[in-house]
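These are my notebook entries on one chain, written down in the order in which I looked things up. I begin with a term that I need for the first residue, and then go on to the chain as a whole.

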Amino acid sequence: MSINTYIDKIIKENSQYIKSCMPVVLPRIKYDLVLFNDDILYWDNGILIGGGYYVLVDGEPIFTTYQDSPMYTSKFYINTDIETTCTYTGSLTRDCIFIIEIDGEDDKYISINKTNDIIEEVKIYIPANTISITCTTSIVDGSNNFALKVSKEEYIDITRYSSNWENVEFAIERDGLSGSYLDLTTPIEIIGQAGSLIRYMFNDKDLYCRASINIYKRKIYNNIYDFIRRIDLDFQTYIDKDNKISISGTKDTLQEFIKSGRNTKFDIPVDEIADKKKWRYNRIDLLSSSNYTALQQETYGASSDPNPPYAPPSVSLISLSMDKYETSSDAIQHDSQGQSAFFREHQQYFDDNDYLFKAKGNVDIQINMSFTVYTNKTEGLIIRLSKNLKSNLPNGIVIKSWDFNNEVVIDESINISLVENDTLTLWIYSPFTESWQYFGVKDFKKFTIRWKTQSSPIDMKVINPQSLLQSLLDKISNGSGRFKGEIQWDESFKPMLIVGETIRNFPEATYHGSLKDFIDWMDIMGYTYSFINNKMIYKKRDEYYNVDEIAIELSESEISDMSISADGESAYTSIEIGYKRQDYDQSNGYLEPNFTFSYMTNYTNQGENILSLISPYRADSLGIELLCWKRNEFTTDDKSDTNVFIVELIEDEDIYILNNENEIISDNVKLFNGSLNPYFLVKRNESKIGIISKKIRFTGTDGFRKSTINGQDILYNDISISKQMFKPKLYTFNVGTNKDLPTQNISDGIVNIIYKDSIKRGFIKTIKKNYGKNKPIEWVLYGID
């Protein structure tokens, strides 16, 4: 028998069954078996675009050609008015994109990874009203081996062949404190002619079979069915026993893909997810510095005769070695070097290279020094800090001098202005009085020269979080393009992302991270998600707990076994919120406040229950600036290269610029990302924290402790909490058979219950419904009252 013979028998038996039932009410649940017939398109069916492939550059598809990459691109017209899938078979020697042209909508881009010389199959989701798909293939062994299988669907009612249709159970639930969404677990048992059809398919193609089940529920008062959802059949679970086929649905819903793939790290080229506009970064005015250390040992006079007839006046440099030079790679590079101690007769003067700092441009510097100089001289030595000490100018221009016998403590901070080619030297002068002498340095603490860094603005690519979310969903679903991500921002600025490799100006910057990183960051930003069909939708968390919407109302007669219990999940004793501390190599790093803040709640318990809201992405503006200092240094690695940074931006014509709505000042240095400081993150999560506490007490931070916001000292204070998402209690009860589940567009609203002549209100945590059997099912709500 052929597959069409089985299908014809099923259709005929269904027709006879329906006629025999009329006007009897049909089953509450209806199953349609969905079969796929492939329309195969070969290379000759397409319109050749050319030798090359498409890549995304700043969000736009760019056609690229390479002589060493024999890849060819063509457009294939599909013209389908329903959602379907197609299977691409081919080989790719480079990463590229396929383009899906949709009637009345923007083109959709699908990222496809290279396969090299391996022929692979890639499943691609095709939206309704798709006009064409543009794709690429490589030549392998003289052939392109290309095929594009476009699935066409055929629907067969197999309700009467399902032996367990009445066990279908649906649930509206939440993932933690996410928005509510519809879920379903359905074991399917198929008998009769439909069982024979499935058996025939399995015997023909075994694990390569493809089929789905569409599930519908009948309206209460008529025989019209409403579509609920589709389940793809997983033929790995196929069991044929006692003339009954048992088969499960695949875990191919968006929720299941997220559960299985959320922790997987992906490398995504920044060009694929970059916003069309760049960020013009006007730099932070940090201090550059030269840091020196002193050789703490004694330096002896130049005479080899312990009793010479006379001792002429002599000079020496104080030994200072250059320990660390910190400045941006694109700033003026001043000449900072060490100077070695020696004794010379004063008549010999100094060499023109005897300096510790030489200005390469006009600059205002500050010299900070703290150390002690000692000697065996019984009469005075003179220490001098001179500018432009040269062979023809033996004393230079003396900036500061110290006369001393035996020892002198130098603890100074000196501000001076230099012009290009000015030099600085620290030296000792000794008049002739004794024939033998030495000096030394002890108790050395510092010798540092600092100046304002003169860096130029930089235009850098930033990642739109919406594009990143979509790319991650495509990655975890094997690039099918089936699932969509949407973020409904409610901000006064645009949160954007930038990776360390972009800041360093690496030629092929890459985002490295997982969907879990993204989910955790959005949670800390006060946003959470829900699922509607194949879409993951982000909103502010409070919008998924909508007190202005009524989801459903239940009278006392419609519920039973009501209980009220404590919800210990939200019983937090303390809070850690913000970002992981970063240890910078540069001395400016101590000024950064955007690290972790710690708080105590009003709730105490025998055990500690910490609410941890630590972002996997960074918001330290100094981290961004200090990476810019290493820009274009491609031969060195930095631990921050693969890090992801958040920046708060606003649009300014064709670029983005920093949002300075909340400006951070740390020790007179202006920083950015003030709105992302942990203090404001508390405000973003206020209703979540308010479940357990009306006030939180600031206990500390591992960042800078003296920053202000817009001139106000508010960051390190206790915070009063004025919002509460719900109370830390649960309402649990059974619901009778006549109540349907609320539709998903209102399921985030309030459930009103009449209980003991009072109204109890709550938000859905988990509620269920069995459409096949009239039996009470347990509901659980987060209590509001």
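**Entry 1: a loop serine.** I take a residue as buried when its relative accessible area is under 20%. The model is predicted, and I keep that in mind throughout. I looked up Ser570, which sits in the loop between strand S40 (559-566) and strand S41 (574-579). Is Ser570 buried or exposed? Its relative accessibility is 5%, so Ser570 counts as buried. Leaving aside the neighbours within four places in sequence, I find Ser570 in contact with Ile691 and Ile692.

**Entry 2: the whole chain.** I noted ten helices and 54 strands in the protein chain. The radius of gyration is 37 Å, well over the 28 Å that the globule rule gives for 785 residues, so the chain is more spread out than a compact globule. Along the principal axes, the C-alpha atoms fill a box of roughly 135 × 80 × 50 Å. Of the 785 residues, 53% count as buried. I also looked at contacts between residues at least 6 apart in sequence, and 79% of these join residues at least 24 apart.

Entry 3: I traced an open sheet of eight strands in the order S9-S6-S11-S1-S15-S16-S17-S14, with antiparallel pairing. Strand S9 (120-126) and strand S14 (188-190) stand at the edges with a single partner strand each, so one side of each is left without a neighbour in the sheet. On average, and with direction ignored, neighbouring strands of this sheet are turned by 35 degrees against each other. Within the sheet I followed strand S15 (residues 211-218) and strand S16 (residues 225-241), which pair in the antiparallel sense over seven bridges; here Arg218 stands opposite Tyr225 in S16. Helix H2 (residues 192-205) lies across strand S1 (29-41), strand S11 (147-157), S14, S15, S16 and strand S17 (244-249), and runs at about 55 degrees to S16.

**Entry 4: strand S53 and its partners.** Which strands does S53 pair with? I found five bridges joining strand S12 (residues 169-174) to strand S53 (residues 758-770), the two running antiparallel, and in S53 the bridge partner of Ala171 is Lys768. Strand S52 (residues 750-755) is joined to S53 by six bridges, again antiparallel, with Arg761 in S53 as the bridge partner of Asn752. The hairpin of S52 and S53 has two residues between the strands, and in this hairpin Lys756 takes a positive phi near 55 degrees. Four bridges join S53 to strand S54 (residues 777-783), which also run antiparallel; in S54, Gly783 is the bridge partner of Gly762.

Entry 5: How many residues of H8 are buried? I count eight of its eight residues as buried, so H8 is noted as mostly covered. The buried residues include Leu622, Ile624, Glu625 and Cys628. What covers them includes strand S19 (274-281), strand S33 (458-463), helix H6 (500-503), S44 and strand S47 (669-671). In the loop between helix H8 (621-628) and strand S44 (644-652) I looked up Lys630, which is buried, with a relative accessible area of 16%.

**Entry 6: aromatic rings.** The structure holds 34 aromatic pairs. In one of them, the rings of Tyr54 and Phe63 have centres 5.1 Å apart and planes at 65 degrees, so I record the pair as edge-to-face. Tyr54 counts as buried at 16% relative accessibility, whereas Phe63, with a relative accessible area of 29%, is partly exposed. The rings of Phe518 and Trp521 have centres 5.8 Å apart and planes at 75 degrees, so this pair is edge-to-face too. Phe518 and Trp521 both lie in helix H7 (residues 515-524), three residues apart, about one turn of the helix, and both are buried. Ring pairs link Phe518 and Trp521 into a cluster with Trp489, Tyr527, Tyr529, Phe531, Tyr538 and Tyr617.

**Entry 7: charges over rings.** The charged end of Arg160 sits over the ring of Tyr161, 5.2 Å from its centre. The charged end of Lys442 likewise sits over the ring of Tyr374, 5.6 Å from its centre.

Notes
Residues are numbered from 1 along each chain as its sequence is written. This is a predicted model: local features need pLDDT of at least 70, side-chain atom pairs count only at pLDDT 80 or more; totals for chains, interfaces and linings use all residues. Side-chain values use heavy atoms; hydrogens and water are left out. Rings of Phe, Tyr and Trp (its six-membered ring) pair if their centres lie within 6.5 Å; planes under 30 degrees apart count as stacked, over 60 as edge-to-face and the rest as tilted. Buried means under 20% relative accessible area, exposed over 50%, partly exposed in between (1.4 Å probe, protein chains only). A charge sits over a ring if NZ of Lys or CZ of Arg is within 6 Å of the ring centre and within 35 degrees of the ring normal. Two strands pair if DSSP finds at least two bridges between them. Axes are lines fitted to C-alpha atoms, for helices over the stretch in contact, and angles run from 0 to 180 degrees between N-to-C directions. Contact means heavy atoms within 4.5 Å. The radius of gyration is taken over C-alpha atoms; the globule rule is 2.2 Å times the number of residues to the power 0.38.
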